[in-house]
Amino acid sequence: MAEAANVRQNLQNVPSIFEISAAETLDNLIYPALSKIFDYFGLRLDFKLWGNLRIQEELSPLLTWMLQYLYLRKRASSFGESFYGLQRTVMETGDLLNRRQQFTSATLLTFIPYVERKLRSRITRHEDTNPWEQRLMSAFHAFHAAKAVHTFLYLVKYASNHSPIFRFLGLNLRYPTEPPQEDQWTYLVLKMLEVLAFFLQFVQWWYSNDQRRKVGGTLINPEAMPKKELPKEIEKTIPKRGECPVCLLPIQTPTACSVSGYVFCWKCIVSHMKEHGNCPVTQYPISLDDLVRIYET
């Protein structure tokens with residue numbers, strides 16, 4: 001009788017895959033949302049390391065790690081897991097995380113998505129990638145395949161954890177049997193951070209590409225390039241009809257920029273975008289998704 005009650009209690013403490021997925025989604029929103037906020041205020045690390053190597057990176061990964069470590073230290077769960085009332089426990093003993101497991105969990109929660117996001121960004125911009133970067137991207141594909149297998153086994157009640165990372169760390173994700181013991185100030189700080197979860201979701205929604213295209217974007221419609229009352233020296237630099245604004249030659253493989261409306265050679269606009277990240281004419285920020293190939297009939 002007691003054994004049956006214990007089994008029933010363990011089954012009740014196991015979260016569903018939907019709750020786990022929701023917690024992971026919320027964790028993945030922290031970095032991009034903070035990046036948008038820091039980009040808006042211009043908060044970035046910018047210093048010379050050695051030689052010609054210069055570090056230009058945002059503060060978002062560091063703050064994300066600090067936030068995750070705070071939650072793992074106080075509640076034995078990540079930011080998203082705590083929001084959905086979940087807790088990490090040691091698989092063999094059921095104890096809470098020790099200091100080493102807290103540090104490792106916070107590092108993996110922050111480091112793995114950050115590196116993958118950077119690699120995907122380089123590939124999307126068609127930047128040259130090193131062989132080790134390609135192998136690392138293949139490793140990420142293998143990791144996602146292994147995670148999908150673990151999720152399926154967890155779904156059919158064959159595995160006790162849903163992720164290879166949890167299996168590697170020897171951890172489970174469960175509902176806490178009793179509420180965490182916190183002082184009043186810690187409770188207030190963590191509760192305020194949980195309220196910020198809605199703000200993070202709003203920031204991510206507002207700056208998503210799909211929503212920006214639906215509302216028409218936040219950019220002012222650019223004016224056409226001036227044609228009259230200019231010095232001859234400047235007038236010579238203005239491209240004529242059918243010429244690329246970058247190379248000033250007849251356009252080859254015409255490509256339009258949806259942000260500004262101007263048409264360029266494909267190679268010219270892609271090269272300029274990789275180097276400067278903006279439209280050569282209007283200086284508005286652009287990405288590869290903003291370029292549209294034009295097919296003449």
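View 1. Leu155 is partly exposed, at 49% relative accessibility. Buried means under 20% relative accessible area, exposed means over 50%, and partly exposed lies in between (1.4 Å probe, protein chains only). Leu155 sits in helix H6. Helices (H or I, at least four residues) and strands (E, at least two) are DSSP runs, numbered from the N terminus. Together, Phe152, Leu155, Val156 and Tyr158 make a nonpolar surface patch of about 480 Å². Patch residues have over 30% relative accessible area and no salt bridge; like charges are joined within 9 Å, and nonpolar side chains (Val, Leu, Ile, Met, Phe, Trp, Tyr) within 5 Å. Areas come from the Shrake-Rupley method with a 1.4 Å probe; for residues, only the protein chains shown count as cover.

This is a predicted model: local features need pLDDT of at least 70, side-chain atom pairs count only at pLDDT 80 or more, and totals for chains, interfaces and linings use all residues. Residues are numbered from 1 along each chain as its sequence is written, and side-chain values use heavy atoms, with hydrogens and water left out.

**View 2. Two loop residues with positive phi.** Most residues other than glycine have a negative phi. Lys157 is not a glycine, yet its phi is positive, about 65°. Lys157 lies in the loop between helix H6 (131-155) and helix H7 (164-169). Lys157 is exposed, with a relative accessible area of 65%. Thr253 is not a glycine either, and has a positive phi of about 55°. Look for Thr253 in the loop between helix H10 (232-237) and strand S5 (254-257). Thr253 is partly exposed, at 37% relative accessible area.

View 3. Side chains of opposite charge can pair when their charged atoms come close. A salt bridge is a side-chain nitrogen of Lys or Arg within 4 Å of a carboxyl oxygen of Asp or Glu. By this rule there are three salt bridges. One of them joins the side chains of Glu24 and Lys147 (3.2 Å, N to O). Glu24 lies in helix H2 (residues 17-41) and Lys147 in helix H6, so the pair ties together parts that are 123 residues apart in sequence. Glu24 is partly exposed at 25%, and Lys147 is partly exposed at 22%.

View 4. Arg88 pairs with Glu81, their closest N and O atoms being 3.0 Å apart. Both Arg88 and Glu81 are buried. Arg120 meets Glu116 in a salt bridge (3.1 Å, N to O). Arg120 and Glu116 are four residues apart in helix H5 (residues 99-124), so about one helical turn separates them. Arg120 is partly exposed at 36%, whereas Glu116 is buried at 11%.

**View 5. Asn172 in strand S4.** Asn172 is found in strand S4 (residues 171-174). Asn172 is buried, with a relative accessible area of 7%. Leaving aside neighbours within four places in sequence, the contacts of Asn172 include Arg88, Ser160 and Phe166. Contact means heavy atoms within 4.5 Å.

**View 6. The largest nonpolar core.** A nonpolar core is a set of buried Ala, Val, Leu, Ile, Met, Phe, Trp, Tyr and Cys residues joined through side-chain atoms within 4.5 Å. The largest has 22 residues; Leu97, Val115, Leu119, Phe140, Leu171 and Leu173 touch the most other members. H5 gives the most to this core, with five residues. A second, separate core of 14 residues includes Phe264, Cys265, Cys268 and Val270.
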